[in-house]
Amino acid sequence: PKTVARASFGVFYVPLNLNTYSGIPYGFNPGFVLNNQVLTPFDWDNGYPGQAVNIGKNPNFTRYGMVSIDPRMLELGNVQAWTAGIQREISRDLLFDVTFIQNHGYHLESGYVAANQPVLSAYTALVQAGQQYATVSKPGFTGLGWASVAPFPNVAATYGPLYYVGSPLGNTDYQSLQLTVKKRAAYGLSMLASYNLSSSHGDVDSSFEDLYYTGPLQDVYNLLQERHTISDFDETHIVKGYVLYNLPFGRGKPLLSDAGPAINALAGRWTVSGGFRYNTGTPMRIPANVYYPGINNVYSDIVPGCDFSEHYNGQVGGTYFNPACFVNPPNGEFGNAPGYLASLRNPGFASEDLGVSKALGLGGEHHLLNLYFQAFNVFNRHGFNGPNTQIGTADFAKVLPEDLNGLPGPRVGQFGARFSF
């Protein structure tokens with residue numbers, strides 16, 4: 001058939017595992033490690049005199065970087081995915097394909113979606129009442145006010161995070177429209193080009209648990225809003241492809257088909273290839289430049305009606321976006337900007353690669369020497385990582401010298417050889 005329609009649906013369950021660097025999340029096992037040490041000199045020939053001593057378990061134990069295992073961690077996360085597409089044969093060796101893909105993740109486990117921080121409105125009320133650094137006493141706790149409003153105030157008082165493990169509250173959504181043109185090998189030429197228009201949203205981006213990071217979310221009590229934030233890795237537009245062409249010279253080819261051995265050895269079996277990739281940048285993150293003890297993240301405020309756009313001139317010191325659009329929220333309050341900005345993006349990516357290869361037959365078809373040259377980023381395009389996003393600094397929104405080491409890297413060429421027998 002010239003036209004084929006395809007569709008699929010599947011549910012994929014996330015395996016139950018701690019997914020950590022070791023069997024114990026964050027290596028956190030207070031009270032379970034025996035104390036075994038000898039503090040006086042001894043002779044190894046007489047054996048090690050130390051004895052393991054159980055130091056006991058203290059229910060009031062606290063330290064910087066406490067860990068909490070969510071009792072719901074045995075709840076299976078899942079990803080529901082569906083696709084629908086049409087493939088059309090334009091000619092014998094040319095295909096066109098259009099496919100729509102969507103997947104949605106539910107109950108995904110992550111340390112991002114839970115935190116030992118208070119309801120934001122309670123924290124704001126505390127600051128406005130002048131109690132943020134006042135001494136507060138309540139059953140089981142006496143300490144500073146900012147810690148008193150946390151779910152576990154004694155842990156908050158260590159000035160350290162509470163790492164949650166296995167909280168099945170994460171949600172993600174990905175949608176993609178993919179267009180592909182493929183030319184199968186004919187007359188020495190083959191190629192493939194594709195375009196992807198996509199968006200990714202969610203409040204998690206990793207199932208790994210030992211992050212040593214509390215995540216990027218401001219309000220873990222409003223995950224419904226956070227899950228609609230654009231993902232930090234989102235790239236709206238992606239164009240990529242390759243071209244491969246066996247040059248038509250030498251025996252059995254349209255040109256120089258009757259060439260002698262010397263001419264055929266020189267002109268035949270040449271292949272030229274090229275690849276390319278272009279994509280828009282990832283969303284930018286511009287947090288507030290404030291410190292609220294007991295709070296993991298504070299978003300900035302976006303000035304209403306402000307135009308983000310700024311025509312960057314491509315030079316060091318140039319302004320990348322309008323710095324007047326972002327300000328710190330009033331003291332004790334929280335910003336209205338999302339964690340990542342879909343309409344303000346880091347620099348995109350553009351790169352082209354080129355390859356040339358030559359095959360030489362040595363004593364027959366069973367002995368083949370292949371020589372090749374490859375150049376990556378052949379036009380030596382330069383990129384930078386992004387501008388300064390620290391509100392209130394003199395260089396806010398500007399591209400600084402240290403930002404100029406972005407992708408793609410400098411042009412690289414390499415020669416190689418492979419002998420097959």
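Is R381 buried, exposed or partly exposed? R381 is partly exposed, at a relative accessible area of 35%; buried stands for under 20% relative accessible area, exposed for over 50%, and partly exposed for what lies in between (1.4 Å probe, protein chains only).

The model is predicted: local features need pLDDT of at least 70, side-chain atom pairs count only at pLDDT 80 or more, and totals for chains, interfaces and linings use all residues. Residues are numbered from 1 along each chain as its sequence is written, and side-chain values use heavy atoms, with hydrogens and water left out.

## Salt bridges

The whole structure contains 7 salt bridges, a salt bridge being a side-chain nitrogen of Lys or Arg within 4 Å of a carboxyl oxygen of Asp or Glu. The table lists some of them.

| Pair | N to O distance |
|---|---|
| E89 and R184 | 3.5 Å |
| D234 and R345 | 2.8 Å |
| R381 and E352 | 2.9 Å |

The salt bridge between R381 and E352 ties together parts that are 29 residues apart in sequence, because R381 lies in the loop between β17 (368-376) and β18 (412-420) and E352 in strand β16 (residues 349-361). Helices (H or I, at least four residues) and strands (E, at least two) are DSSP runs, numbered from the N terminus. E352 counts as buried at 7% relative accessibility.

Salt bridges with shared partners join K2, E89 and R184 into one network. Within it, the side chains of E89 and R184 meet in a salt bridge. This pair links distant parts of the chain, with E89 in strand β3 (residues 78-91) and R184 in strand β8 (residues 168-186), 95 residues apart. R184 is partly exposed, at 33% relative accessibility.

D234 and R345 also form a salt bridge through their side chains. D234 lies in the loop between α4 (223-226) and β10 (237-246), and R345 lies in strand β15 (residues 341-345), so the pair ties together parts that are 111 residues apart in sequence. D234 is buried at 3% relative accessibility, and R345 is buried at 16%.

## Disulfide

There is 1 disulfide in the structure, where a disulfide is a pair of cysteine sulfur atoms within 2.5 Å. C306 is joined to C325, with an S to S distance of 2.1 Å. The link is left-handed, with -75 degrees about the S-S bond. C306 is partly exposed at 23% relative accessibility, whereas C325 is buried with a relative accessible area of 0%.

P151 lies in the loop between α2 (145-148) and α3 (153-156) and is partly exposed at 42% relative accessibility. Leaving out residues up to four places away in sequence, P151 touches N116, Q117, P118 and Y221; contact means heavy atoms within 4.5 Å. The C-alpha atoms of P151 and V119 are separated by 9.2 Å, and the two residues are 32 residues apart along the chain.

F9, V11, Y13, L16, L74, L76 and W82 make a nonpolar surface patch of about 740 Å². Patches are made of residues with over 30% relative accessible area and no salt bridge; like charges are joined within 9 Å, and nonpolar side chains (Val, Leu, Ile, Met, Phe, Trp, Tyr) within 5 Å. Accessible areas come from the Shrake-Rupley method with a 1.4 Å probe; for residues, only the protein chains shown count as cover. Strand β1 (residues 3-13) supplies the largest share of the nonpolar patch, 3 residues. V11 is placed in strand β1 and is partly exposed at 36% relative accessibility.
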